[in-house]
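Okay, everyone, thanks for coming. Let me put the structure up, and then I'll talk through a few spots in it.

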Amino acid sequence: MSQTAPAPTKSRGLEGVTALDTQLSAIDGQKGELVYRGYSIEDLAKNASFEETAYLLWKGELPTQGQLDELNRQLREARPVHPDLLDHLRHHTPKDSNPMAAMRTALSMLSAYDDEADTMEPEANYRKAVRLTAKLPTLLAAFDRIRKGKEPIPPTQEGSTASDFLTMLNGEAPGPAAEAIMDAALVLHAEHGLNASTFTARVIGSTLSDMYSAVVGAMGALKGPLHGGANIEVMKTLIALDESGETAQEFVDRKIAAKEKIMGIGHRVYKTLDPRATILREMLSDLSEEKGETKWLEMSDTIRTTVKDTKGLDANVDFYSASVYYLLGIETDLYTPIFAISRMTGWTAHLLEQWEDNRLIRPRAEYVGPRDKTVQPVGERS
C-alpha cells in the first residue's frame, strides 16, 4: 500500500525553523542571553575590544597579545581606500543619497580593487574579511564629510577602529569615554545569529558566490526599517516627541490606543529585555551624565517601562543605541551603516563558517495559486 508523504511544515517568516548549525553565537530569548563563541555579551562588552571580538568570531578564540597586535596591524594597513572610490563619492554619489545605499554601492565597488575578490581559499577569504571591516568605516566617514562639503580625512592608521572612525568622521580624535562607548557599541552589534542580513549573506555564500557579493546582499537586507533601520526610527520618534510637548506617558498611551507599533520595542527572538539594551542603557546613563542632558534617557525609560507594564513587550538593541549615537554627535541617518561596520565581522564570520562545509541553501515554497488554467488567444482575453 502506498503511503502519502507527510505535508511539509511551514513557518511564516521561517520563525522557529532551524536551518543550520553554528559555533558563532547563541541566543536564549526566554532568559535574555547572548553568547559569542562561549562568552557572554556582557563579559565581552566590558572586557574585550572590538578587534578582539572580531578575532574571536573569525578564528574561534580570543587572541593572544601577539595575535591582537598582528590583527591591529592588518586592520590599520587596510583602512585606506583607492582614490577612485573617493572620487565616486565626490562626483557620482548624490549628496542626498541614503547612506546605506551609498555604502552598498561602495562595498560592491571595493571588489574591483581587490585582486583576491574571486579567490575562495580560506586564508584569502579571511584577508577579505579583515579588509572589509577596515575599509567600511573609511568609506562611511568620507561620504558624510563629502556630503557636507568637507574633504575626507584619511585614516590615521593608528589606534582602534572606534577611534579612527570617529576621528575621520568628526575631524578630531575622540575623548576616552567616546572611544570606549563606540568600541563597546561595535562589540554589541557584531553578531546575532541568523538575523535577516546574516541569513542573506549565508544564502548568497552558499551558491559559492564571492564575499563581496554576499556582504552587499547583507547590506541591502540591513537597510530595511524592520532590521538595521529601526534605531533611526527610534531617534526620529524621540526627537518628534521632544518637540511636540506631549509627555512620554501620553505618547505611549496614544500609540497603544491606536494599536501602532513603537520602534525599538519587541523582538522576534527575545521575550524579555534584550541583553544588549541593558548594556546600552548603562552607556546612555553615563553619557547623559557626562553631557548634562538626561531627557533622552528619561523619555526612553518611561516609554520602555510603560510598554512593558501595559503590553508585556520590552526594549531591543535599537531602543537605547539611538540615543547613545545621538549624544555622541552622530547624524541620525548614519546609525544603520555604523551597525554595518560592526556586523561586517559577523557577516564575514558566517561566510567563513558556511564555506567550511558548504551546502546550497534552497528552501521550498508551497504553491497556493490557481491550477488548470488555459491560454486564450490574445484577442479573446478580457
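I'll go through some aromatic pairs and then a pocket.

Quick housekeeping: this is a predicted model, so to speak of local features we need pLDDT of at least 70, side-chain atom pairs count only at pLDDT 80 or more, and totals for chains, interfaces and linings use all residues. Numbering runs from 1 along each chain as its sequence is written, and side-chain values use heavy atoms, with hydrogens and water left out.

Rings of Phe, Tyr and Trp (its six-membered ring) pair if their centres lie within 6.5 Å; planes under 30 degrees apart are stacked, over 60 edge-to-face, the rest tilted. That rule gives four aromatic pairs. One of them is W58 with Y126, edge-to-face at 5.7 Å between centres and 90° between planes. W58 sits in helix α2 and Y126 in helix α6, 68 residues apart (helices are DSSP runs of H or I, at least four residues, numbered from the N terminus). W58 is buried at 7% relative accessible area, and Y126 is buried at 8%; buried is under 20%, exposed over 50%, partly exposed in between, with a 1.4 Å probe and protein chains only.

Then there's W296 with Y326, also edge-to-face: 5.2 Å and 70°. W296 is in α14 and Y326 in α15, so this pair ties together parts 30 residues apart in sequence. W296 is buried, at 2%, while Y326 is partly exposed, at 31%.

Now the second largest pocket. Which helix gives the largest share of its lining? That's α16, with six residues. α2 and α6 each supply at least two. A pocket here is an open set of points on a 1 Å grid over the protein atoms alone, where a 1.4 Å probe fits, with protein on both sides within 12 Å along at least five of seven lines; lining residues have an atom within 4 Å of a point.
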